[in-house]
Amino acid sequence: MTLSLHSNFSAPDRVVVQVGGRLDAMTFGELDEAMLVLLPRLDVGGTVVIDLAGLEYVSSAGLRSFAKIRKSMRARGGHTLLLNPQPQVRKVFDIVKAVPVNEVFTSTQELDAYLDRMQRQITEGDSDA
Amino acid sequence: MVLRSIASRMALWVLAGSTLVLAAIGVLLLSLTCAQILQHTHREAAALAASAGSEIQARIDRVAISAQMLATIIATRQDSAEPLLRDTLQANHDIDGLAAVFRPSSSPVDAPPYSPFVNRVDNGALASRDLSSDARPYWNSNWFLGGLSCSAGCWQRPFLSLSRQRQLINYSVAISREGRPVGIINADVTLDWLHQILGHLDKPEGAYAFVLDSDGDYLAHDNPALVGKRGAPALLEVLASDQAESVRLPVAQNAQVHGAVWVYSAPIEGTRWRLGLVVPEAQIYAGVRRIFLWSLLLGMLALLGVALIILLTIRRTMAPLGMLADRAEHVARGELDFELPSTSRHDEVGRLTQSFDQMRHELALHLQDLARVAREKQRLASELEIAHQIQIGLLPSEHYLDAVCAYFELHAALRPARAVGGDLYSYFMLDPEHFFVMVGDVSDKGIPAALFMAQTITLAKALAPRAQTPRNLLQLLNLELCRGNDSCMFVTLLCGLLDTKSGNLVLASAGHEPPILCGHGAPQLLDFTTGAVLGLYEDSDYPEHHQRLRQGETLLMYTDGITEASDHHQQMYGIERTLGSLAQVPPAAPTAGYIERLLGDVDRFVADAAQADDITLLALTWHGAAQVDVEVCVASQLADVFAGLDRCEHLLQEADVISSLRSDVRLVLEELLVNTVEYGYPDGRSGQIRVVLHPGPETVTVELIDDGIAFDPLQSVCPNLPGDLADREQIGGLGIHLARTVTSEMRYTRNAHSNHLLLRFIYPNQDGSSS
């Protein structure tokens, strides 16, 4: 089984990338290349939501890919959120403890609530300013 | 009881010896003195006898002379005969009566001549009568006729005068006229004076005297009863033989005297009488005997006194000895605390006492020493016993049965030649699927060997997890044992690692006896190349020998105590006999059967010769069927890695390994394989990686063998967690960390040219957590 990628811009500052299959030393390059194309299209301060519902397997190479995405998003003032990690992926995340827990969401509702909260913070922050 | 004392015995002996000497001297002196006294008595008695004889002779001579004078005078004056007789009788009191008788004339007509007889009457007056007028004419009587022939005078026989009631003796002298006897003068002499003379003799006490006449009759005797009796024949014979003047008669005639007597005799001149003086022999010696007895008594008293003094002196001197003897009994009982007599003296007893005291002190010290040595010995023995227990404790149990699936069974026996020995065996599960087993023999015997054995067995167990293979274990052990081994002790060790799933056995030997494989056909000696003994050469290498045990096969490991067991003729048991003995064991025999058989045969061979060396036997039997391993070979290229990973996953799926475990295995294998492919061959050469899968019912074991550069994932640095991965410049070590975390167990060993990684995955429990 190989890697499958689907991206969907729900807003100019938000892209949802659905990752499926296996993300390992063999396939991480595909994700890296796709994101290299995808991320510049996102507005500054935007958010990347990586939907892991279809990802069966991740190895350290995949973790490194996630880390690269987060690094490049941070450079652009944006956020990287991980959604729906499957047991194997969650186990690897737990072991490595490399991804902040508040950026991993188990369901779309949880993510939406978080995004709304974040949205309010930004607008209140704007009014404060 | 008394004689047990030295003092009394010595006193007794002194007394006895002195008495003997005294008695000998006494007897000698007595005999000498007796001889002297006898001689003296002889002389005295002879002199006495002679003087008495002279006295008697003088008296007799007076009578004889008077009679002779009367005869001469009366020859001429016959008429005045009576007055003459009277005068003479008055002058000489020894004469009792005098008679002058004449021969009648030849013519019968003539009146007989006047023959006066004057005698004393009882009142002392003199009476006279004429004998010629007697009724019996005297001239025919014997005494007259006999007297006529005695011109020189002669003594007649004594007779008892009936008229006068006394003993008389006549002295007759012929009256000669013109050469012719005309009559005789007859003097009656009383013998009273003779008795008086004898009685007044200055005789020795107890002696008596006598006078014998010519016929051998007693004229006079101190014992009046014997007067007139005839002398004893022996006496007469002796006297007649004219022997010496003194003679000894065994028995005296005198009834008043008992025992032997000495008789001294002297002739009385003018008569044929003999005077005898009888002295009882007892009387002669009485004085000296008395003196001797007194001396003896005094001597004995003196000796008793001396003996008493000796007794007291010795007893006093020896008194400490008695005490010492008593104390010696104390010593014999082991009581050394006692009083000794004071030792102010410097004689032998004093020295003995001092020596005794010194001996007691020495003895006490010696006893203390002895007790200390005994305690020491006991302590040593108990320590040795404890050492023995500890050594036995170091050895695992003699029987081990694989508890999981009963694939293998082990039996061992160790018989030390002494309390502690240098043989060893050990076995332990290295991990759930690997079983280490070893048999060794330390070069020496006794305590040093035991210590070295303990060191070896402990080190082996400690080093095994790091070593992982027999070869590594022997190398590590060798290095450890070489360190500080100045005494150059060494140990031979046969080490085996059994794969408890497959029966694969890896053997390595450090100069040990080759093991024997039994169970299929004849016992076979696995004579593979061995390395040097452990503890001597640090750079030794230990080649491995791979052997797959088939079902029912038994590997027998042993020490040279078996092959070098010697009988009385110093003949060794040897490997041939060992193989022969093992060949007797039936193929289906239990594991213990090999050990029992071989030990029994060795015992029979050795018989009652002493066991010279420790004996160790270890039998390892494989019961399980061989398991087919799943092996995947991967070339050192990433694509190949993932093809291999897919194959592995497929194989695991076929083996019904659950998916979560499958993905764990895949994750770990991917991380490790990718790592190996990326970093294991920096020189760009192509390598090969072998992945051996052992899917088990509870665990999945994976062996990863690659020929890349040495890399121990267990030693790699752990990444700094937690932290944001995105913050890091270089993201490394994550995969290894993942692999280490996900694997239940990971072991790394490095062989000569390959890395060997053993991974174990344990099935998660029901609740999903992996234990």
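**Exercise 1. State what share of the contacts in chain A with a separation of 6 or more comes from residues 24 or more positions apart.**

Solution. In chain A, 71% of the contacts with a separation of 6 or more are between residues 24 or more positions apart. Two residues are in contact if their C-beta atoms, placed from the backbone, lie within 7 Å.

The model is predicted: local features need pLDDT of at least 70, side-chain atom pairs count only at pLDDT 80 or more, and totals for chains, interfaces and linings use all residues. Residues are numbered from 1 along each chain as its sequence is written, while chains are lettered from A and ligands numbered from 1 in the order in which they are written.

**Exercise 2. Describe the sheet of chain A and find its edge strands.**

Solution. Step 1: list the elements. Chain A has four helices and five strands, in the pattern β-β-α-β-α-β-α-β-α along the sequence. Helices (H or I, at least four residues) and strands (E, at least two) are DSSP runs, numbered from the N terminus.

Step 2: order the strands. The five strands form an open sheet in the order 1-2-3-4-5, with mixed pairing; two strands pair if DSSP finds at least two bridges between them.

Step 3: find the edges. Strand 1 (4–11) and strand 5 (104–105) of chain A each have a single partner strand, so one side of each is left without a neighbour in the sheet.

Step 4: inspect one pair. Strand 2 (residues 14–23) and strand 3 (residues 47–58) of chain A run parallel and are joined by nine bridges. A:V16 has A:V49 in strand 3 as its bridge partner.

**Exercise 3. Work out how helix 11 and helix 12 of chain B are oriented to each other.**

Solution. Step 1: take the axes, which are lines fitted to C-alpha atoms over the stretch in contact, with angles from 0 to 180 degrees between N-to-C directions. Those of helix 11 (residues 574–583) and helix 12 (residues 591–606) of chain B come within 9 Å and cross at roughly 130 degrees.

Step 2: classify. Angles under 35 degrees count as roughly parallel, over 145 as roughly antiparallel, 65 to 115 as roughly perpendicular and the rest as oblique. Helix 11 and helix 12 of chain B are therefore oblique to each other.

Step 3: name the residues. B:R577, B:T578, B:S581 and B:L582 of helix 11 meet residues of helix 12 including B:Y594 and B:F605.

**Exercise 4. Which helix of chain B gives the most to the side that touches chain A?**

Solution. Step 1: 17 residues of chain B are in contact with 19 residues of chain A. Step 2: helix 13 (638–654), helix 14 (659–679) and helix 15 (734–742) of chain B each supply at least two residues of that side of chain B. Step 3: helix 14 of chain B gives the most, with five residues.
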